[in-house]
Amino acid sequence: MTSSDERQPKSRRGLFWLVAFIVVLFAIYSAGWFYLANRVRTEADKAVATLNKSGIEAGCANLQVSGYPLNFTVSCDNLAYEDDAKNIAASAGSFNAVAQIVQPLSPVASLRGPLRTSVPGMMPLWIDWDNLQANVKLWYPLPHRISLQAEGLSGQTDPADDTDPVELFSAGKASGQLQPNGGNLDYAGSFGDLEIDADAIGGRVLPALDASGDVTLNNGVALVGTQVKSLRGQSIEIRNLDLSSGTARVTLSGPLSVDAEGLVNADLMIRIKDPKAVATILAGAIPEQKNAIEQGFAALAMLGSEPSMPLRVVKGKASLGFIPLGKLKPVN
């Protein structure tokens, strides 16, 4: 027997064990996939049953788990939540969440509108969008990051009677991102081409607005999952809040807090680009204060095209530079 004849059985045995290993590995993966799919259905049913015992109706209609073998997809035809005791209700369209096998801890979810809400103290709302997508970076005990992007966002009232709905706003795009930072929570968000309907703000007129923000909620991780009923004792760090329209721009930064008595304290810096353009927008939005606005911003314009000044609030007493602005009411 030649050496080549001896190598052939060995290579065949090696190939056999390789194929066997792949088959066993795939069988384990398949068993895990179907176990997880069944677990999702079971836990969803348990959650709904638990809520129903508390007098809350919730559901993910026609829940499906699919995508085997390359993806793990959870979907349902619509989402609904109704708590008669608290008079709270919300519903939305179809939901779809997909996790790829190569990135199992990074699911991508999408939700179809409209979102209809009913909450005590607020008019019922109808929020709709062209596209809404969420990206999550899962980890324990909290996700690394949660981000949300929306396109073609709009809102209106949703009357229960035969009265006509009131258009509230529309935005070409909006996004937000939330992530833990030690014991704090960082939030960054923006929107573009926001148009607020004049009927929603008493006939006042605002141009299309763009905005972005970068804020930290101090001790935010500890607040996750707790029912915070008061803003007292809370504080934030505003790294940047920016609101603009055309050449007009207002930027705000600095710390803000609410003490145990509900009094606001803040040490902020306001920067204004093109004060005359900002004055024109404010005068259109607050016509009853037009003269005061124009006079005040004319003085600001003397400081240059991009003046800045401190906005301080001490125990609820606010001042802009050396100009007193009055006292803020305590917050709950």
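Me: Two strands pair if DSSP finds at least two bridges between them. Which residue in β17 is the bridge partner of threonine 251?

Reply: Arginine 271. This is a predicted model, where local features need pLDDT of at least 70, side-chain atom pairs count only at pLDDT 80 or more, and totals for chains, interfaces and linings use all residues. Residues are numbered from 1 along each chain as its sequence is written, and side-chain values use heavy atoms, without hydrogens or water.

Me: How do β16 and β17 pair?

Reply: Antiparallel, over eight bridges, with β16 spanning residues 248-258. Strands are DSSP runs (E, at least two residues; helices are H or I, at least four), numbered from the N terminus. Five residues lie between the two strands of this hairpin, and glycine 262 has a positive phi near 85°.

Me: What about β17 and β18?

Reply: Antiparallel again, over six bridges, with β18 at residues 308-314. Leucine 311 in β18 stands opposite leucine 268.

Me: Which β17 residues are on the covered face?

Reply: Val264, Ala266, Leu268, Ile270 and Ile272. The uncovered face has Asn265, Asp267, Met269, Arg271 and Lys273.

Me: Switching to rings. How many aromatic pairs?

Reply: Seven in the whole structure. One is tryptophan 33 with phenylalanine 34, edge-to-face at 4.9 Å centre to centre and 70° between planes. Rings of Phe, Tyr and Trp (its six-membered ring) pair with centres within 6.5 Å; planes under 30 degrees apart are stacked, over 60 edge-to-face, the rest tilted.

Me: Why is phenylalanine 34 with tyrosine 68 called tilted?

Reply: Their planes are at 40°, so the pair is tilted, with centres 4.8 Å apart. Phenylalanine 34 is in helix α1 and tyrosine 68 in the loop between β2 and β3, 34 residues apart.

Notes: Buried < 20%, exposed > 50% of the residue type's maximum accessible area, 1.4 Å probe, protein only.
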